[in-house]
Every structure is written in C-alpha cells, then in structure tokens.
Amino acid sequence: MDGVVQLQRQLLDYTALLFQEGFLNDQFTQLQQLQDETNPDFVVEVVSLFFEDSERLLNELANTLDQQSIDFRKVDSHVHQLKGSSSSIGAQRVQNVCIAFRNFCDAQNTEGCLKCLQQVKNEYSLVKNKLETLFKLEQQILAAGGSIPM
Amino acid sequence: MESCNCIDPPWPGDELLMKYQYISDFFIALAYFSIPLELIYFVKKSAVFPYRWVLVQFGAFIVLCGATHLINLWTFGMHSRNVEVVMTTAKVLTAVVSCVTALMLVHIIPDLLSVKSRELFLKNKAAELDREMGLIRTQEETGRHVRMLTHEIRSTLDRHTILKTTLIELGRTLSLEECALWMPTRTGLELQLSYTLRQQNPVGFTIPIQHPVINQVFSSNRAVKISPNCPVARLRPLAGKYMPGEVVAVRVPLLHLSNFQINDWPELSTKRYALMVLMLPSDSARQWHVHELELVEVVADQVLNLIKPIASVKKLFISSSLAPDLPEFAVGDENRLMQIMLNVVGNAVKFSNEGNISIIAFIAKSESLRDSHAPDFFPVHSDNHFYLRVQVKDSGSGIDPQDISKLFTKFAQSQSLAARNSGGSGLGLAICKRFVNLMGGHIWIESEGLGKGSTAVFIVKLGIPECSNESKLPFFPNVSANHCQTNFPGLKVLVMDDNGVSRSVTKGLLVHLGCDVTTVSSADDCLRVVSQEHNVVFLDVCMPGVDGYEVAIRIHEKFTKRRQGPLLVALTGNTDRVTKENYLRVGINGVVLKPVSVDKMRSVLSEVLEHRFLFETC
C-alpha cells in the first residue's frame with residue numbers, strides 16, 4: 001500500500017510540475033475530469049489522437065515549407081489545425097508557438113516560419129515525453145492496485 | 001194523264017213547313033260537310049292524335065249523312081225515280097257506316113277518356129318529382145350559398161363580377177330559366193336592366209320605377225311572386241309553347257354609393273334598392289317553394305355585404321394578438337373556421353365607424369370555459385385536443401342587451417336591430433353559430449349597451465396533430481433553485497469540427513453530460529446528417545475554407561419551420577467580437593469560445609435550451 005501512495009504522490013507532484021512549467025494548462029484538468037467509469041481511458045485516447053494528428057501535421061508542415069514556392073495558406077491551415085488540437089488538450093506551450101507561427105505565416109516570413117517549425121517540433125517532443133511519462137506513472141499505480149488521484 | 005214514273009212525296013203538306021224543312025236540310029248538309037274538313041285541318045296541325053282511322057270512319061259517316069240530307073232537298077218536289085234510287089243508296093250506305101261507327105265508338109270512347117285521366121296522372125307525377133327535386137336542392141342549398149358567399153368575399157371585391165356571379169350561382173342552384181337584376185339609374189326614377197343570366201350583354205332597357213308591382217316588391221324584404229306579364233319580367237320572348245314559368249321578384253338593398261357618408265350610416269328611409277327577377281323554366285310543372293324563396297331572400301340580402309367597401313373606407317385599426325402558448329399546428333375544418341372569422345370580424349367592421357378592433361386568440365383553460373353565457377357547455381379536456389378561444393372586440397355601435405339573444409336567429413328583426421343590420425337579416429351569425437356548435441364550441445356576443453361597442457367571443461375545439469416534434473425540447477430546467485441543469489440525458493447533439501482532437505474533446509464533454517453525440521468532420525457531412533431529431537448542433541465556425549454562417553443558413557434551410565430545426569451553437573477559437581445581430585441573422589442561437597470546460601458546456605446547454613439564446617462575450 002505504501003508503494004501505491006508513494007506513486008500517487010509522485011504522480012501528483014509530476015503533474016503539478018508540468019502545470020508549473022507551462023506544458024499543460026487547465027484544459028488538461030478538464031479532460032481528466034471527463035474520465036470516469038464509463039470512459040476510463042478518455043485522456044489516453046484523446047492524447048494519443050493528439051500525437052497522431054500532430055505528427056502528421058508536422059510532417060506536412062516540413063514538406064510544405066520545403067517547397068520552392070511556399071504555399072503559405074496551406075501552412076497556415078496546418079498550423080491552425082495544430083493550434084486547435086493542442087489547445088483542446090491543453091498543451092499550452094505548443095499552442096503558444098502555433099500562435100507565433102501563424103503570425104509569421106500571415107507575414108509570409110519564410111525564415112520565421114522555419115524557425116517556428118523547429119520550435120514547434122521541440123515543444124511537441126517535450127510535451128510528448130512528459131505525457132508519456134505521466135501515463136506510465138498512472139499505469140504503475142493502477143497495476144499496483146491503486147486509483148489515480150484527481 | 002202522263003205517267004212520269006215519279007214518286008210523290010209522302011205528305012203534300014204546307015208550303016211554309018216544307019220551306020223550313022228545305023232550309024234546315026240545306027244547313028245540315030252544309031254542316032255535315034264542313035265538320036270533316038275542320039277535323040282534317042286540326043288533326044293535321046296536331047301531331048299526336050292517335051286515332052286517325054277513327055276520324056276517317058267518322059268522316060265517312062258524316063259525309064254520307066250530309067249527302068243524305070242534301071239529296072233530301074231534291075225530294076221536296078216531284079222527283080224522278082233516279083233521284084229516289086240515289087237517295088236510297090245513300091241512306092243504305094249511311095246506315096251501314098253509322099252502325100259500324102257506333103260499334104267502334106264503344107271501344108274508342110273509353111280509350112279517349114283514359115287519355116284524359118292519364119294526362120292528369122302525369123301532371124300529378126310531375127308535381128311530385130318537382131317536390132323531391134326541391135328537397136334535394138334544400139340539402140345542397142346551404143352549402144352552395146355559403147360557398148358562394150365566402151368565395152366572393154375572398155376574391156376581389158369587383159362589384160360587377162360579384163353581381164354577375166350571384167346571378168349565375170342562383171341560376172345554377174335553383175335551375176332557373178332567367179335571372180335578371182334591375183339597378184336604379186342615377187336619377188332614381190327608372191330601373192335599368194343591368195345583368196342577366198342568359199344574355200351576355202343586355203340592352204340598357206329601362207322602365208319607370210313607379211309601378212305598383214315594383215312598389216310592392218320594394219316595400220317588403222320577402223320575395224314576391226309577380227305576373228310574367230309585368231314589365232320587369234318580360235325579358236325574353238316566350239320560349240315555351242304554353243306556360244311561362246312562375247316569376248319571383250325580390251328587392252336587393254344597395255348603399256347610396258354616390259354620396260357615401262363615412263360617419264353617417266344611411267337611413268332606412270333613403271334606401272335604394274335594386275330589383276332581382278327570377279324566372280322558373282317555362283313549360284315545367286315547377287312552382288316556387290318556400291325554401292327556395294327563403295334562399296332568394298337571403299342571397300338578395302347578402303349581396304349588399306359583398307359589394308360594400310368597408311374597412312378601407314373607414315379608418316379602423318385592426319390589431320390581432322396570438323397567445324404564445326398556441327400550438328403552431330392544429331387539426332380542424334379550416335374553411336369553416338375561416339368563414340366564422342370573416343363573419344365575426346366583418347360584423348365588427350360593419351358596425352364600427354371608427355376606432356379599434358382587436359382580435360385575441362388564446363387557449364381556453366377550463367375556468368374560463370365555464371361561462372355564464374354558456375351554462376350547458378361542459379368542455380372535456382384531453383391530450384389530443386384543445387379549445388381555442390377567439391375574442392373580437394370592437395368600439396362600434398354596440399347592442400342593446402335585450403336584443404342579443406335574437407342575434408343568432410335567422411331573419412330576426414327588431415327596431416334597434418334594424419338600424420344595426422341596415423337591411424341585413426343577420427344570417428351570417430346563424431351560420432356561425434351552427435358551425436361553432438358543430439366544432440364542439442360556443443359563440444356569444446357581449447355588449448354593455450348601445451354605443452358601447454361589443455365583443456364577439458367564440459370557442460372551438462381543435463385537435464393537436466400527432467407530431468414527432470412533440471419530443472423536440474423536453475429539457476426545460478427542473479423545478480429547482482439551481483436553474484443550471486446538471487445533466488442532459490438523451491439530448492441529441494451533433495458536433496461539426498474538422499479537428500479530430502477537438503472533436504473528441506467536445507464529444508467527451510457532451511457525453512459526460514449525458515448527451516447522445518454524433519460527430520461529423522465536414523460541412524457537407526453535417527448537412528447530410530442533421531435532422532429533426534437533433535436538438536443542438538455545435539458548429540466550429542473557424543474551420544478554414546468553410547463559412548460557418550453559410551452552414552448555419554443551410555442547416556436552417558433544411559427545416560421548413562425554424563422551430564423544427566436544432567439550436568445552433570457556434571464554437572470559435574478566435575477572440576474577434578462579432579455582433580450578435582450577425583449571428584442571429586443566420587439563425588445561430590449561441591456562441592462559445594474554445595476550449596470549453598465542463599462547467600462552461602453545462603451552462604451553455606442550460607441557457608441555450610431554456611432561452612434559445614446565449615451569447616458569451618469573451
């Protein structure tokens with residue numbers, strides 16, 4: 001039992017840290033609230049969806065920005081999507097970069113865009129890592145017979 | 001002495017007596033010869049005489065008799081044997097023929113007599129058929145009459161058309177040979193033939209108005225039988241061979257259109273009338289029946305109502321208000337309800353020279369249904385019908401309370417009523433009463449007195465249609481202090497969002513609140529999937545390449561009535577302030593900023609379901 005409690009505490013601390021560092025925001029808490037007996041894996045499902053979606057979008061962005069003549073409208077549309085997804089799950093830092101990214105798109109600033117793309121990729125992999133760690137912790141708690149603290 | 005082989009007349013006798021006999025014989029012969037000639041002439045004229053051979057026989061008999069008498073003339077003096085022989089032959093022949101004729105007549109006379117009785121029988125049969133036709137017509141009569149009136153009320157108030165149609169309809173209903181309307185000329189001294197049924201363009205035939213028959217017709221509001229020889233009835237050449245049909249004339253009250261006073265209702269004494277003349281077909285056994293006369297009187301009376309210009313001339317303000325709890329659809333007899341409305345409102349307009357007319361309609365609750373005016377009216381409530389109560393209040397001339405009970409009686413007249421009805425006989429209200437009763441309701445008029453206006457009230461029972469829309473919005477907030485509902489079980493929601501992640505999140509939110517969620521990722525899918533079952537549709541209006549407003553408009557186009565369509569809530573990620581009017585214009589009921597929290601979603605749904613309206617400023 002001790003182990004479970006410890007794990008739970010670890011989870012809470014870790015989550016708090018993520019919030020503090022701005023990786024996640026209140027929206028993520030909302031998602032967690034939606035998880036219940038009828039929907040036990042809601043958060044994991046949505047986040048997995050986010051991962052898939054984002055990876056696809058980042059690839060698209062890389063391709064589009066790699067072209068000779070960049071189609072900024074297309075870039076903007078991808079970034080818009082990414083912004084939407086990240087804001088839906090509360091990936092705050094990714095969302096913020098996207099906002100800056102869109103501004104560069106409007107200005108048709110290729111360099112700015114490329115820089116942003118890099119930034120977005122970074123932020124994305126960071127938040128992905130964090131979330132995956134989070135989920136692992138949760139799994140451990142569940143495996144140990146405990147329940148996930150809210 | 002010469003033997004002359006002559007025959008002496010039997011009696012030498014008197015010269016005088018002989019002379020008279022001679023003359024009589026001559027005339028007898030003359031008559032006897034002319035009778036067959038007359039017979040031949042007249043029988044040739046008529047086609048129907050059945051016994052021609054009898055005539056021949058008779059003719060022969062008469063001719064021979066005549067011959068006998070003629071030859072007799074020769075026997076007064078001395079005559080030769082030949083003459084006697086001829087005489088004898090003639091007599092013998094006459095004897096033979098007359099005996100034969102006598103024998104024949106024994107057979108024929110009964111036949112001839114029976115022809116007469118057959119004729120009488122046929123006449124009776126024709127009268128009976130006519131009576132039966134009259135009964136059939138009675139049944140059709142009311143329907144036709146009302147149909148004609150309302151048809152004319154609804155169509156253009158073109159006086160010429162209305163008068164012509166009145167004549168045509170009357171002619172058809174009563175199967176008349178001719179129908180004519182004589183209008184008074186400008187001078188008022190003559191009547192001019194203005195409209196007839198059969199002739200397309202009647203000649204402007206005029207007759208002076210001062211005629212005893214015309215005066216008789218004008219002095220009473222009943223239909224009067226007049227002689228077909230009267231100048232007003234001599235409209236066409238005698239069509240039949242024997243008998244012109246019976247003619248009836250009735251007065252048609254008219255407004256003095258040339259000097260129409262707006263505030264001054266025309267006095268009865270200066271009334272002008274037109275004359276309507278109706279002729280039954282000639283050579284028929286038809287007679288005017290009481291119910292037919294009644295119909296004619298009613299129509300003549302109502303024609304005035306059709307050609308009067310009414311509210312457009314008077315400055316009347318008509319307002320109507322419908323209670324918000326009235327259902328949008330009801331089951332009932334639309335035509336008859338329309339007729340009742342037209343009649344009641346028409347009366348209100350007719351008897352108000354100025355002021356207001358207000359029409360209110362609401363659902364009658366049981367307390368108000370039990371009225372002192374209708375003590376025996378016990379409405380029974382049920383789930384599939386409701387009672388509609390309509391009140392038409394006017395600020396017109398009002399009614400003396402004593403006369404109220406007579407209002408609904410056909411043809412009732414009284415002193416004050418006469419002024420009110422201006423020549424009309426109030427048939428309209430009688431018809432209304434009948435219809436309202438048929439609809440399981442009641443109609444009455446209240447008035448505080450003359451000059452104080454009146455209110456006509458009627459209640460009718462209408463059905464509520466079976467409609468799946470009944471289950472449209474059952475989510476009214478529970479009766480609790482917390483007006484924000486915590487759960488929305490079974491609320492059908494459609495979410496349109498092209499972003500997979502945010503779609504899942506929104507769906508999760510709604511599912512958490514108990515909704516039944518469908519998601520689509522494109523506007524086309526949304527339009528395809530959206531149906532009357534969906535209560536709310538969440539639209540992401542920030543989808544690139546998609547105009548959210550456009551989608552909203554197209555969703556509403558799918559539903560014929562706004563109330564059938566779902567509530568629309570726009571989800572937007574940007575913080576631009578768009579005016580509420582823009583959203584309302586396209587039929588969007590609410591706007592919410594993404595991302596949406598559970599609490600926010602809960603309150604959004606509560607508000608938009610309760611008020612059909614929510615706008616959040618960011």
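I count a salt bridge when a side-chain nitrogen of Lys or Arg is within 4 Å of a carboxyl oxygen of Asp or Glu. The model is predicted, so I take local features only at pLDDT of at least 70 and side-chain atom pairs only at pLDDT 80 or more, while totals for chains, interfaces and linings use all residues. Residues are numbered from 1 along each chain as its sequence is written, chains are lettered from A and ligands numbered from 1 in the order in which they are written, and side-chain values use heavy atoms, with hydrogens and water left out.

**Entry: salt bridges**

I looked up the total over all chains, and the structure holds 13 salt bridges.

I started with D599(B) and R602(B), whose side chains form a salt bridge with an N to O distance of 3.0 Å. Both residues lie in helix α15 of chain B (residues 598-611), three residues apart, about one turn of the helix. Helices here are DSSP runs of H or I with at least four residues, strands are runs of E with at least two, and both are numbered from the N terminus. I also noted a network in which salt bridges with shared partners join D130(B), R286(B) and E292(B).

For exposure I use relative accessible area: buried is under 20%, exposed is over 50%, and partly exposed is in between (1.4 Å probe, protein chains only). R602(B) is partly exposed at 21%.

Next I checked K116(B) and E119(B), which meet in a salt bridge at 3.6 Å, N to O. This pair sits within helix α3 of chain B (residues 81-154), three residues apart, about one turn of the helix. K116(B) is exposed at 53%, whereas E119(B) is partly exposed at 45%.

Then I turned to K492(B) and E533(B), where the closest N and O atoms of the salt bridge are 3.4 Å apart. This pair links distant parts of the chain, 41 residues apart: K492(B) is in strand β14 (residues 492-496) of chain B, and E533(B) is in the loop between α12 (523-529) and β16 (536-540) of chain B. K492(B) is partly exposed at 22%, and E533(B) is exposed at 53%.

**Entry: H80(A)**

I looked up the UniProt annotation, from an unreviewed entry, and "modified residue: Phosphohistidine" covers H80(A). UniProt positions are given in the numbering used here, feature names are shortened, and annotations may be inferred rather than shown by experiment.

I found H80(A) in helix α4 (residues 72-89) of chain A. Is H80(A) buried or exposed? H80(A) counts as buried because its relative accessibility is 17%.

For contacts I required heavy atoms within 4.5 Å. Not counting residues up to four places away in sequence, H80(A) touches R102(A), C542(B) and P544(B).
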